[in-house]
Amino acid sequence: MDGVHDMGGMDGFGKVEPEQNEPVFHAPWEGRVLAMVRSMGYAGAYSADHARFARERLPPTTYLTASYYQRWQLGMEMCLLERGYVTAEELTTGHALQPGKSLKRKLTSEVVSAGLARPSFHRQQQAPQRFKPGDRVRTKNIHPITHTRLPRYARDKLGVVEICHGCQVYPDSVAVDSGDNPQWLYTVVFTSQELWGPDADPTITVTIDAFETYLDPA
Amino acid sequence: MASSHDNDHEQHNHHGSELSETQLRVRALETVLTEKGYIEPAAIDAIIEAYETKIGPRNGAAVIARAWADPAFKKALLDNATNAVASMGYVSGVSDYLVAVENTQKRHNMIVCTLCSCYPWELLGLPPTWYKSAPYRSRAVKDPRGVLADFGVTLPKDTEIRVWDSTAETRFIVLPMRPAGTEGWSTEQLADLVTRNSMIGTGLALNPGEKA
């Protein structure tokens, strides 16, 4: 979706302001949000792309004014409500009012290390690989209203395939509950002039990781 | 303009009611999820502790220092970072597909996630607030030299800058250039020169005697 989360190339947000000696969490609730998001993801309540799509659907003003972990909290609530793990009444009252759904598994103290390991996103190929490193490609001009990982700034642009990463879970499909639908994934390089016009600094190149469905031969 | 973190602070400082609303909301959710049997508060504590004490940029620094000291490992890291890092058993559960990109005199690499906040957690821990902020996510792909200037880094005008936007589950880590004057150093000594930002590409490794 063409949301405010898709920030690449936008102007007006000002300077990057690194914080000296930044703590991992700025308040205890931030850590609890992070740990709950990880626990419920491990439990199979949602995938990373469900969670991303939920945050993308927050009202733009909320997305831009909430802090990072506030967005995570709001996105997690949205996922859990939509997927039937909690009810609005439960969130309002702060107590369970009906039994929980069954989980794929539970992140308990005994399995914390395993629970924090990153899952594999590689899947068996469904079709032959269409591109190889060195191939010229043009990204599609698409504007799905659902989750996609093709950023706006890199649509309808000419690039060159640099790396093939194999076949992986397709976020655009997973986020709308249409299954893994595995697709070949490539790192594609663009010149800054292709992305930002003839006046752009010619010493800069930018890559994205693009699923094969985002690409046409060029 | 305020970053999302400053924003959070404003709420701490000037809008106390909003902060307590967030705290109450988080507490309510934790209570509901616990009562429904979905989560275990002790596991929540352990996850927080892991990210506060174990899963951080020292893991990545150990990988970089070994690559500087051991040419065979450096080659393995650049060929297939997932496998190379997995071979270092003490680094926490490595990501599915990790790519290490090497800085040279000719090319400087920088990592961003314009769409959300993708970051190699297993090697660098949780991302700093600036990495997740609108200023970084918006400008890194369009004005990387300007972003580097915000970090006090100026590169020669003819150095190529390659920005890697983490739009899928591939995770990237920068192999910074080894500082001069470190010949014969141990990997432990070298690791102290590897800053988090040097592995994201918004900084350079420290020189001997230089403080972070």
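This dialogue explains how to read several features of the predicted model above.

Q: What conventions apply to this model?
A: Residues are numbered from 1 along each chain as its sequence is written, and chains are lettered from A and ligands numbered from 1 in the order in which they are written. As the model is predicted, local features need pLDDT of at least 70 and side-chain atom pairs count only at pLDDT 80 or more, while totals for chains, interfaces and linings use all residues.

Q: How are two packed helices described?
A: The angle between their axes and the distance between the axes describe them. Helices (H or I, at least four residues) are DSSP runs, numbered from the N terminus. Axes are lines fitted to C-alpha atoms over the stretch in contact, with angles from 0 to 180 degrees between N-to-C directions. In chain A, the axes of H1(A) and helix H4 (residues 68–82) come within 9 Å and cross at roughly 35°. Residues making this contact include A:Met36 and A:Met40 of H1(A), and A:Met76 and A:Leu80 of H4(A).

Q: What is in contact with A:Met40, leaving aside its neighbours within four places in sequence?
A: A:Met40 touches A:Ala45, A:Tyr46, A:Met76, A:Leu80 and, from chain B, B:Tyr38.

Q: Which strand does S3(B) pair with?
A: Two strands (E, at least two residues) pair if DSSP finds at least two bridges between them. S3(B) pairs with strand S4 (residues 204–211) of chain A in the parallel sense, over five bridges. Opposite B:Ile161 in S3(B) stands A:Ile204.

Key:
Contact = placed C-beta atoms within 7 Å.
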